[in-house]
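The structure is shown first, and the notes follow by topic.

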Amino acid sequence: MPASPTPVAPVRSLDEWVAENVELLQPDRVVWIDGSRAQLDALLHDMVEEGRIIRLNPEHRPYSFLARSDPDDVARVEARTFICSEREEDAGPTNNWREPEAMREELRGLFAGAMRGRTMYVLPFSMGPVGGALSRYGVQLTDSAYVVASMSIMTRVGDAVLERIRAGARWVPALHSVGAPLEPGDEDVAWPSNPVKYICHFPETREIVSFGSAYGGNAILAKKSFALRIASVMARDEGWLAEHMLLLRVTDPRGRRFHIAAAFPSACGKTNFAMLRSALPGWQVETLGDDIAWLAPGSDGRLRAINPEAGFFGVAPGTGPDTNPTAIDTLWGNTIFTNVALREDGDVWWEGLTKTPPAGLTDWRGEPWTPDAGRPAAHPNSRFTVAASQCPSIAPDWDDPNGVPIDAIIFGGRRATNVPLVVEARDWEHGVFLGATIASERTAAAEGELGELRRDPFAMLPFCGYNMADYMQHWLDVGTRLRRTGGVPGVYQVNWFRKDADGKWLWPGFGENGRVLAWIVERIAGEAPASDTPLGRIPAVGTIDYRAAGVGDADWQELFRVDAPALLAEADDTEAFLDRFGDKLPEAVRRQLAALRERLGAP
Ligand code: GTP
Ligand code: SPV
Ligand code: MN
């Protein structure tokens, strides 16, 4: 291990690490976050006083706030996200890589004096319940009060974690600065940031360093940086899975309980599915998590999963009383909104909250807005940050450190064509192939061209901390282990986003997705019939009452149409994508592609 100095040296002790970074970053003061309500209240109060956030009208939205970001700091920046493994091949072809020592050197330059004129917050946090067997700890240093407030909702923070760390528990150092030092006389802005951004991960030493952004996954380092990129490396080494998955429990009309983990790419429906109110009478969904799941083979031989987070950082646009009433009921108060529109009455608004916008809106940039403005009032990646405990559908045992046993894994994506509403994988290996070859149309969750179709294996393209081919092999290995104990979950693929020739959704989605969930559960219970197709098994005729969902016969056919020429063309594209991994690609994945082509009638 290279013995390099701060800011990203292998850590000896917490106090030493903090002291070294204080020396390098030169903050005016250092504040340790203790996790108390009083400290968080004072922080939010000061942010309002300093004009960093707006207090919403407490009559409409008690104890809630609006943050407006810098217009150039509105989403994850994948082009500036790096896996700095010692060997380039360990980052793999889907990650940006930098040689770790060179990266550390460059970061050192950027971080020197970066917190001048600001406060350094020291924020101990736990992913998973403090003391849980699957839980892991970290400490984030940051000069953003917004990030402190967000982390305080999204994770368990403060003294209880610090005690564990002081008692010798391992922890991940996560250094963050907005990169906007203040010299005497400088005027501050509401959302300081830096045009230069770096989100760096050092997998061997389990370190995170982020510079220049205060937004979401770039800055709330517990989330994508720790719970996915670093945790995926820990999981590889220790035999578990760190996944971009929601977690839910569904209870059927007979009272049987099933647990489902589902991976959809960013802004493709995880929060909505996790909070599903099924259109099918008698079916009840409880929410366990909406974005990240850690899954480990348990002593019972099955995969057990926890949600390592403690809150939701959810997409606002499209969230309304008809689409996601549970989210609406969650957001009544105690919520930080980012980049949504502000109403005249001091409440918030976004596209999809109501059918027509209220008069007198101020848009996410703080400018007056009318429906003919030709731009949305809320940024497409505007978000709410709220405690999981406030969700009316949260399972009473959602933070059980032992997690829940997983019955099925679902992969999804945003596909206008080719991918059916639902298919069942033939077995685990086929399921891994479905996950490995997910393609999805790009959303506003990251900077980039909207709608562009890109491969997003396991919905982890931006979040896998190591070579994606090794990650596929790891999934195959976990399956082998589960097979020995008889605990292999069913694997399914869904697509809520198929469109007709006129560009209209073929499937109404949201609550109606409960019909698809019910079929999946009945399959697991061995009760629902299926028909074979080249893509996998689909619901047999008559097993899903699509007419009750308002879908006509022709549209239902279209939702499952196997367009062999188009799918063979897609298989060529899949091959080109998989070829990027060279010799590292598991043979099983290549075998699955050949089998798919054969089933599609390839010559
Ligand atoms: P991240 O937090 O970025 O990981 O996103 P997510 O996967 O949790 O996505 P979310 O549930 O927030 O949904 C993103 C967008 O997709 C929202 O605008 C939703 O309204 C929309 N959406 C979710 N489910 C459906 C569905 O079943 N059908 C349609 N048409 N849209 C949906
Ligand atoms: C995602 O992009 O998948 C998110 C939002 O969940 S962020 O935390 O910004 O990554
Ligand atoms: Mn996400």
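In this predicted model, helix H15 gives the largest share of the lining of the largest cavity, namely 4 residues. That cavity holds about 300 Å³ of space, and a search of the whole structure finds 5 cavities of 30 Å³ or more.

**Largest cavity**

- The lining of the largest cavity comprises 25 residues, and those closest to the cavity centre are Val419, Leu434, Thr437, Gln493 and Glu570.
- Two or more lining residues come from each of strand E26 (408-412), helix H11 (428-436), strand E30 (490-494), helix H15 (564-579) and helix H16 (587-599).
- Sorted by class, the lining of the largest cavity contains 14 nonpolar, 8 polar and 3 charged residues.
- Domain 2 (242-310 + 399-561) and domain 4 (566-600) each supply at least three residues to the lining of the largest cavity.

**Thr437**

- Thr437 is found in the loop between H11 and strand E28 (439-441).
- Because its relative accessible area is 11%, under the 20% limit, Thr437 is classed as buried.
- Between the C-alpha atoms of Thr437 and Leu593 there is a separation of 9.5 Å, although the two residues are 156 residues apart along the chain.

**Second largest cavity**

- The second largest cavity contains about 110 Å³ of space.
- Its lining consists of 13 residues, and Pro265, Ser266, Thr443, Arg454 and Asp456 lie nearest the centre of this second largest cavity.
- By class, the lining of the second largest cavity has 4 nonpolar, 3 polar and 6 charged residues.

- For six octahedral donors, the ideal angles at a metal are 90 or 180 degrees.
- Lys224 counts as buried because its relative accessibility is 6%.
- Asp291 likewise counts as buried, with 10% relative accessibility.

**Backbone geometry**

- Most residues other than glycine have a negative phi.
- Arg206 is not a glycine, yet it has a positive phi of about 55°.
- The position of Arg206 is in the loop between strand E10 (198-202) and strand E11 (207-211), and with 14% relative accessibility Arg206 counts as buried.
- Asn334, also a residue other than glycine, has a positive phi near 50°.
- Asn334 is located in the loop between helix H10 (325-330) and strand E19 (336-338), and its relative accessible area of 25% makes Asn334 partly exposed.

Technical notes
Residues are numbered from 1 along each chain as its sequence is written. Chains are lettered from A and ligands numbered from 1 in the order in which they are written. This is a predicted model: local features need pLDDT of at least 70, side-chain atom pairs count only at pLDDT 80 or more; totals for chains, interfaces and linings use all residues. Side-chain values use heavy atoms; hydrogens and water are left out. Buried means under 20% relative accessible area, exposed over 50%, partly exposed in between (1.4 Å probe, protein chains only). On a 1 Å grid over the protein atoms alone, a cavity is a set of points where a 1.4 Å probe fits but cannot get out, and a pocket is an open set with protein on both sides within 12 Å along at least five of seven lines; lining residues have an atom within 4 Å of a point. Grid points are joined across faces, edges and corners, and a volume is the space filled by probe spheres set on the points. Ala, Val, Leu, Ile, Met, Phe, Trp, Tyr, Cys and Pro count as nonpolar, Asp, Glu, Lys and Arg as charged, and the others, Gly among them, as polar. Domain bounds come from an automatic or database domain assignment.
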